[in-house]
Amino acid sequence: METKQSLTITDNRTGKQYDLPIENETIKAKDLLQIKVKPDDFGIMTYDPAYMATASCKSTITFIDGDRGILQYRGYPIEQLAEKCSYLEVAYLLMTGELPNKTQLDEWTASVTTHTFVHENVKKLMDGFHHDAHPMGMFVSTLAALSTFYPTAKRIHDPAERRLTFYRLIGKVPTIAAFAYRHSVGMPYVHPDNELSYAGNFLSMMYKIAEPKYKPNPVLERALDVLFILHADHEQNCSTSAMRSVGSSHVDPYSAAAAAAAALYGPLHGGANEAVLRMLDEIGTLDKIPAFIKEVKEGKGRLMGFGHRVYKNYDPRASIIKRLADQVFEVTGRNPKLDIALELERIALQDDYFVKRKLYPNVDFYSGLIYQAMKFPVDMFPVLFAIGRMSGWLSQWEEMLLDGDQKISRPRQVFLGHGKREVPMLSQRA
Ligand code: ACO
């Protein structure tokens with residue numbers, strides 16, 4: 001007998017029954033609105049702060065099985081993409097749904113590379129920031145400012161215009177990121193070197209000093225490229241939801257991307273690897289770990305880089321990064337904080353508190369150690385994350401725009417405030 005794909009709900013207030021269709025293990029929240037006591041009621045809503053059990057979209061981009069520790073972009077396992085592809089191939093995959101062939105990759109790379117330079121006024125704008133401005137603050141603001149340089153980007157329903165935005169944003173984010181860093185350390189900006197790879201050019205813009213041509217170390221160049229791949233998309237996380245939600249107002253993609261980057265700035269999201277390093281610094285030595293773990297268990301702070309809304313198993317990206325760390329440390333020398341991180345992980349994975357709550361290392365637990373070994377200051381960590389994530393944000397934004405089910409994002413609320421009141425004059429208020 002075929003199972004009926006529906007959910008029957010009885011409203012005990014009225015005794016009425018409702019049959020709601022189930023599709024993809026999901027009911028439509030809107031179907032609940034028919035459940036009313038009086039005809040002029042609004043109908044039943046769901047209360048779901050932080051979207052714990054609410055799907056806000058249908059997507060074909062990224063699949064995560066958090067219990068089994070699986071991450072796939074467009075069906076391809078992250079482990080294989082990290083092993084066999086470059087970041088630009090993965091960005092193309094996210095954008096189009098397919099991996100590029102050689103010709104497509106050459107064209108795509110040329111298009112992105114053509115757009116690595118920024119307008120001179122962008123440089124002037126960045127010069128205006130205070131000398132110790134946080135690079136992520138500069139990055140967010142400069143992204144927003146780009147909308148004023150490319151006003152035609154507001155033609156979001158024009159596919160050619162959208163493609164141009166992909167080229168421009170993916171091409172320019174390493175430049176803006178590197179300029180933010182150079183400004184924060186008082187060094188002159190280095191123009192893009194379009195003969196280098198995506199990651200190699202970024203390293204050149206970060207670290208080139210007087211040498212006529214910067215030669216990136218191939219191990220570090222590849223490690224950075226893999227880190228961009230690992231950060232490229234992660235379905236409906238906080239910053240991607242911001243991209244979709246802000247983009248749903250049909251604002252231009254630069255403004256939406258600035259909102260996404262702002263979301264990524266927070267310590268619970270893109271700022272977590274910065275927080276991991278600060279935590280490792282605070283712990284300082286191996287003997288202080290048990291006391292630190294005790295404090296975390298007493299609710300006095302969190303073990304940063306542990307836990308995830310979706311992964312209730314080892315984050316597959318954390319495993320790849322742990323392996324990558326060994327290769328990087330062979331070039332740069334071992335980051336002394338690695339020992340503290342490894343010991344923290346060992347203790348936490350055996351501790352009932354973490355086991356019961358299914359708290360495992362996430363992508364940020366080891367990425368900061370690699371970035372630090374590669375001489376990126378901690379302030380740059382969220383910026384590095386944003387470079388990789390730009391391709392995911394844009395792909396999700398375009399998917400949202402082309403999805404006929406989507407409208408301007410506008411959550412409902414459960415109102416618990418006052419009934420209507422009269423406004424007293426100032427002199428009459430207690
Ligand atoms: N350390 C200690 N306890 C934790 C941690 C942690 N890192 N994370 C969660 N918990 C505990 C909570 O205190 C809570 O315990 P309780 O049930 O006794 O109250 C339980 O685990 C569930 O935690 P929530 O906060 O409800 O889980 P949520 O899914 O909302 O949060 C988050 C996920 C924000 C990632 C959280 O695990 C966290 O703060 N981790 C540290 C920050 C971090 O590493 N963020 C990076 C995330 S990955 C990324 O953005 C790329």
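**Figure 1. Arg162 and Glu398, two buried residues of the predicted model.** In this predicted model, Arg162 is buried, and Glu398 is buried as well. The two residues form a salt bridge in which the closest N and O atoms are 2.6 Å apart. Across the whole structure, the search finds 24 salt bridges.

**Figure 2. The salt bridge between Asp225 and Arg222 in helix H8.** Asp225 forms a salt bridge with Arg222, and the closest N and O atoms of the pair are 3.5 Å apart. Both residues lie in helix H8 (residues 218–231), and because they are three residues apart there, about one helical turn separates them. Is Asp225 buried or exposed? With a relative accessible area of 9%, which is under the 20% cut-off, Asp225 is buried, whereas Arg222, at 29% relative accessibility, counts as partly exposed.

**Figure 3. The salt bridge between Arg278 and Glu274 in helix H11.** The side chains of Arg278 and Glu274 meet in a salt bridge with an N to O distance of 2.4 Å. Because the two residues are four residues apart in helix H11 (residues 272–283), they are separated by about one helical turn. Arg278 is partly exposed, its relative accessible area being 39%, while Glu274, with a relative accessible area of 12%, is buried. As a general point, side chains of opposite charge can pair when their charged atoms come close.

Figure 4. The ligand is surrounded by 19 residues, of which the closest are Arg302, Leu303, Gly305, Phe306 and Arg309. By residue type, this shell divides into ten nonpolar, five polar and four charged residues. At Arg309, by contrast, a polar side-chain atom lies 2.8 Å from an oxygen atom of the ligand. Taken alone, the ligand exposes 920 Å², and the protein buries 73% of that area.

**Figure 5. The aromatic pair Phe202 and Phe376 and the cluster that contains both residues**. The search of the whole structure finds 17 aromatic pairs. In the pair shown, the ring centres of Phe202 and Phe376 are 6.1 Å apart and the ring planes meet at 10°, so the pair is stacked. Phe202 lies in helix H7 (residues 198–207) and Phe376 in the loop between helix H16 (364–373) and H17, so the pair ties together parts that are 174 residues apart in sequence. Phe202 is buried, with a relative accessible area of 0%, and Phe376, at 2% relative accessibility, also counts as buried. Phe202 and Phe376 belong to one aromatic cluster, which is formed by Tyr87, Tyr181, Tyr198, Phe202, Tyr207, Phe228, Tyr371, Phe376 and Phe381.

Conventions:
Residues are numbered from 1 along each chain as its sequence is written. This is a predicted model: local features need pLDDT of at least 70, side-chain atom pairs count only at pLDDT 80 or more; totals for chains, interfaces and linings use all residues. Side-chain values use heavy atoms; hydrogens and water are left out. A salt bridge is a side-chain nitrogen of Lys or Arg within 4 Å of a carboxyl oxygen of Asp or Glu. Buried means under 20% relative accessible area, exposed over 50%, partly exposed in between (1.4 Å probe, protein chains only). A residue is near a molecule or strand if one of its heavy atoms lies within 4 Å of it. A polar contact is a pair of N or O atoms within 3.5 Å; within protein, one must be able to donate a hydrogen and the other to accept it, and residues adjacent in sequence count only if both atoms are side-chain atoms. Accessible areas come from the Shrake-Rupley method with a 1.4 Å probe; for residues, only the protein chains shown count as cover. Ala, Val, Leu, Ile, Met, Phe, Trp, Tyr, Cys and Pro count as nonpolar, Asp, Glu, Lys and Arg as charged, and the others, Gly among them, as polar. Rings of Phe, Tyr and Trp (its six-membered ring) pair if their centres lie within 6.5 Å; planes under 30 degrees apart count as stacked, over 60 as edge-to-face and the rest as tilted.
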